[in-house]
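Thank you all for coming.

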Amino acid sequence: MPSGGGIDVVIAQMEARFKSRRVGQIPEDHQLEAVRRFWQSQEILSFRDAYLLSWSLCLPHRPWGPCVMEDRARLEKVLDGADGWSGRPSAYRRCYQGLVKSYFTYDTFAETTPEAGRNNWQILRQYLFDHNSLIKDHGPCPQWVDTAVGNRSCLESSRANCTPTHCCAGMVASLNTSASSLESARHRGSYVNWSWRKSEAPRDWPTLSF
């Protein structure tokens, strides 16, 4: 982990690079590049790697191939990579937000979903529950942080079958992710199926693009 203000410089550079894009919108080619590199090396060498991979757990490393969510060893490495920044809430919550998006994106209840994916989805759910408090610090935080902390209970194991429509619409909406853009990506063979659809989303669902 970079010491001193190193991570602040990295974050500032990333924000400047994407300042023309809406919040939560990450170029898919950047995600795919990170996933493919990680799939081969299984190494996370920088904050940028941890950040991109956290948002890309459902992105197969090749068309219609497995994704990180369906490979326990690789999933655990991504979670360990995110953990490396848990001492810096301003950095860690960027990874956590991506992990939450991946959690709600993966269609764990589909008949075609592999058993490994279902088991790993539960591991991710427990991770998000256990690490929820680490995204908030004493300074000003993005609004979605309060939403996530306030909705921590929907990540409890007893609510394993909950969906965004049932109990966590506020948390998912805070991710600024568009169902229509995700569905479009699925048809291109980029993602596995989605656990929610635009028709299921609340009327005030945000229309920002991912």
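At what angle do α2 and α3 pack, and how far apart are their axes? Before I answer, a word on where the values come from: this is a predicted model, in which local features need pLDDT of at least 70 and side-chain atom pairs count only at pLDDT 80 or more, while totals for chains, interfaces and linings use all residues. Residues are numbered from 1 along each chain as its sequence is written, and side-chain values use heavy atoms, with hydrogens and water left out.

To the question, then: α2 and α3 pack at an angle of about 105°, and their axes lie 9 Å apart, where axes are lines fitted to C-alpha atoms, for helices over the stretch in contact, and angles run from 0 to 180 degrees between N-to-C directions. That makes α2 roughly perpendicular to α3, given that angles under 35 degrees count as roughly parallel, over 145 as roughly antiparallel, 65 to 115 as roughly perpendicular and the rest as oblique. On the α2 side, His-30, Ala-34, Val-35, Arg-37 and Phe-38 meet Arg-48, Asp-49, Leu-52 and Leu-53 of α3, contact meaning heavy atoms within 4.5 Å. Sorted by class, this contact has 5 nonpolar, 1 polar and 3 charged residues, with Ala, Val, Leu, Ile, Met, Phe, Trp, Tyr, Cys and Pro counted as nonpolar, Asp, Glu, Lys and Arg as charged, and the others, Gly among them, as polar.

Stepping back to the whole chain, there are 9 helices and 0 strands, where helices (H or I, at least four residues) and strands (E, at least two) are DSSP runs numbered from the N terminus. Of the 210 residues in the chain, 50% are buried, and here buried means under 20% relative accessible area, exposed over 50%, and partly exposed in between, with a 1.4 Å probe and protein chains only.

Let me return to α3, which is mostly covered, since 7 of its 8 residues are buried, among them Phe-47, Tyr-51 and Ser-54. Ser-54 has a relative accessible area of 0%, and, not counting residues up to four places away in sequence, Ser-54 touches Val-78, Ala-82, Cys-95, Gly-98, Leu-99 and Ser-102.

The helices α4 and α5 pack at an angle of about 150°, with their axes 9 Å apart, and that makes α4 roughly antiparallel to α5. Leu-79, Ala-82 and Asp-83 of α4 make this contact with Tyr-92, Cys-95 and Leu-99 of α5, and the residues divide into 5 nonpolar, no polar and 1 charged.

Now to the interior. In soluble globular proteins, nonpolar side chains tend to be buried together. Leaving aside neighbours within four places in sequence, Met-69 is in contact with several residues, including Leu-57, Tyr-106, Trp-121 and Leu-124.

Finally, the charged pairs. A search of the whole structure finds 7 salt bridges, each being a side-chain nitrogen of Lys or Arg within 4 Å of a carboxyl oxygen of Asp or Glu. Arg-72 and Glu-76 form one of them, at 2.9 Å from N to O, and both lie in helix α4, 4 residues apart, about one turn of the helix. Another joins Arg-93 to Asp-137, whose closest N and O atoms are 3.5 Å apart. This pair links distant parts of the chain, with Arg-93 in helix α5 and Asp-137 in the loop between α6 and α7, 44 residues apart.
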